[in-house]
Amino acid sequence: MALLPTFELPKYIRETEDRVKYGLGGSATPYMSIADLISLSSDPDTTAKNLDVRSLKLGGGMGLGSPGVRAAIANLYKGISPDQVMTAVGTTGANAMVFTTLLSSGDHVISLFPTYGQLSGQPKGFPCEVSSWNLDISDGWKLHVDQLEALIRPNTKMIVLNNPNNPTGTYLDADTQKQILDVARKHDIIVMVDEIFRPLYHEDDNGNIAGSPSFVEHDDHYTGRGVVVTSSMSKVWGLTGARIGWIVTKDQEILSKILDVKFYAFTSTSDIDEVVAAEALSDRCRPNILKKHLGNARANLPLLDAFVKKNSDMVSWTKPTAAATAFIRLSWKGTPIDDVEFCKALLDEEGVLLSPGSLCFGEDRQKELLGFVRCHFTFQPEKMAPALEAWDRFLQKTRASLS
């Protein structure tokens, strides 16, 4: 394997976390405890009983994962059965297993830009040739399917997507998904989709919540062959520390190959974590967890929108309709502000952590994302107002110095 590019996003957050007062640089919903899960359950007694693991035999079963957790995961999708689900160590572990199984040196991969760094960075390590399929900055981060054909080569093996998207907070609707699958089927290309932020869908400016299906649910369009989706317990469900991710595919040949890689990589996932995940995804807990975290976004997005409008001479965005982050552009009289210097100064002076877009998502095209910062909005609402006040104070000082 060739040298992997530096994974800038986690590196930046780890190196700055000891100075953070207001953490707007992340993307996970608030971490929950076992007590939180019980309190959110519609049947607290049953949830408490199911989470009492004192008699659980810690055998570490080899295979796809426990029947209970796979059934709970399958229930998140339309038309998926537990035998089409495999557990992994987080979404990063799931993605890594998919790439390790299905990619080889010399393959060509088409990946969204911008996107989560692993999705374009790890294929480069095999090494694969990676081409960027650009979300359109000037058109609300839309993806133009008519550009896909031009990117395909004879050795194109995989299209890698992130839906809903990190960092932009946008998503691909059902029609766009079908168009992508049409092209993939025509050229016999695998479609791999990191869906870690599904189903966090928010109201648009007209008060509508559209959302979109999982890519793996398009039975009538692609028969499931060569479509693989991944996710985990972290971004939507508030259980990052329960290291349960998953892979879902109707392609049993692919699933069998990934299982062999799982045996090499970590054999099994944690028995205790699988119990926690299964209960969190049960009908007792899942609806209330999602309601809580969507409520955080519903409270925070208007505050963020008001902040953007107040500072419109320096701040602009495409308002997110999904996921947990907004990608905000900083500029002065049409010129991008250096986002890395801005973020470091904002952290030093006000304790506000943002993720600089050009560093954390720019890959080898940093100039194209100069001035962008990623801002989180699904954390506790009581923390958003003081964080934005601190950011606003810093903007006032920056505005005065630039003037």
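1. Strand β6, helix α8 (residues 174-187) and strand β7 form a right-handed β-α-β unit; right-handed here means that, with the strands pointing away from the viewer, the path from the first strand over the helix to the second runs clockwise. Helices (H or I, at least four residues) and strands (E, at least two) are DSSP runs, numbered from the N terminus. The model is predicted: local features need pLDDT of at least 70 and side-chain atom pairs count only at pLDDT 80 or more, while totals for chains, interfaces and linings use all residues. Residues are numbered from 1 along each chain as its sequence is written, and side-chain values use heavy atoms, with hydrogens and water left out.

2. Strand β6 (residues 156-162) pairs with β7 (residues 190-194) in the parallel sense over five bridges; pairing requires that DSSP finds at least two bridges between two strands. Leucine 161 stands opposite valine 193 in β7. Strand β3 (residues 108-113) also runs parallel to β6, joined by four bridges, and isoleucine 110 has isoleucine 159 of β6 as its bridge partner. Six of the seven residues of β6 are buried (under 20% relative accessible area; exposed is over 50%, partly exposed in between; 1.4 Å probe, protein chains only).

3. Within helix α8, arginine 185 and aspartate 182 are three residues apart, about one turn of the helix. Their side chains meet in a salt bridge at 2.9 Å, N to O (a side-chain nitrogen of Lys or Arg within 4 Å of a carboxyl oxygen of Asp or Glu). Arginine 185 is partly exposed at 44%, and aspartate 182 is partly exposed at 31%.

4. The whole structure has 18 salt bridges. One of them joins lysine 124 and glutamate 363, with the closest N and O atoms 3.8 Å apart. This pair links distant parts of the chain, 239 residues apart: lysine 124 is in helix α6 (residues 117-124), and glutamate 363 is in the loop between α14 (357-360) and β15 (372-376). Lysine 124 is partly exposed, with a relative accessible area of 26%. Arginine 54 forms a salt bridge with aspartate 52, at 2.5 Å between the closest N and O atoms. Arginine 54 is exposed at 74%, whereas aspartate 52 is partly exposed at 35%.

5. The disulfide count is zero, by the rule of a pair of cysteine sulfur atoms within 2.5 Å. Cysteine 343 is in no disulfide: the nearest cysteine sulfur, that of cysteine 360, is 7.9 Å away. Cysteine 343 is buried, with a relative accessible area of 1%. Cysteine 285 is also buried, at 0%.
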